[in-house]
Amino acid sequence: MKSHQTAQTMKPATAAKKLGVYLQATPAEFQEGAVSRSELNALQADPPEWLRELRRNGPHPRPVVAAKLGVSISGLARAGVTDALTTEQIDALKTENPEWLQKERATQAEVRKESARLKEQKRTEDEA
């Protein structure tokens, strides 16, 4: 008996997340259909112009916005930033450097520092 193998597909929202783009900004045909693993791999290997444009100028999803600003997604929420932002808007925020952004960057730096300290502490304990 041969087993019939079907292509693994994902919802457009999942594919957009894996591609690092804002789903609502993608073309309608992308939003309306399932994306197979091979299609996703092809998009990653050789992105079409619409995907390159979205990655370059946005609008970007919140995880990308947070990374570009050097803050957490929670930090964006605390600041009231709930919408996708374009690269231009992100650059404007970096230039303006509002108090909330400074505070959230400092918080993020402390979190990273503490994570590194705990990782080092665990490594030291594992060696002992």
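## Briefing: charges, fold and one buried leucine

The protein carries 20 positive and 18 negative side chains, counting Lys and Arg as positive and Asp and Glu as negative, with His and the chain ends not counted. The centres of the two sets lie 5 Å apart, each charge being placed at NZ of Lys, CZ of Arg, CG of Asp or CD of Glu. This is a predicted model: local features need pLDDT of at least 70, side-chain atom pairs count only at pLDDT 80 or more, and totals for chains, interfaces and linings use all residues. Residues are numbered from 1 along each chain as its sequence is written, and side-chain values use heavy atoms, leaving out hydrogens and water.

**Fold**
- The protein has eight helices and two strands, taken as DSSP runs (helices H or I, at least four residues; strands E, at least two) numbered from the N terminus.
- Their order along the sequence is β-α-α-β-α-α-α-α-α-α.

**Dimensions**
- The C-alpha trace spans about 55 × 50 × 25 Å along its principal axes.

**Burial and L51**
- Of the 128 residues, 28% count as buried (under 20% relative accessible area, 1.4 Å probe, protein chains only).
- L51 is in helix α4, residues 49-57.
- L51 is buried, at a relative accessible area of 0%.
- Beyond neighbours within four places in sequence, L51 contacts L19, V21 and L43 (heavy atoms within 4.5 Å).
- Q89 is 38 residues from L51 along the chain, and their C-alpha atoms are 19 Å apart.

Methods
Buried means under 20% relative accessible area, exposed over 50%, partly exposed in between (1.4 Å probe, protein chains only).
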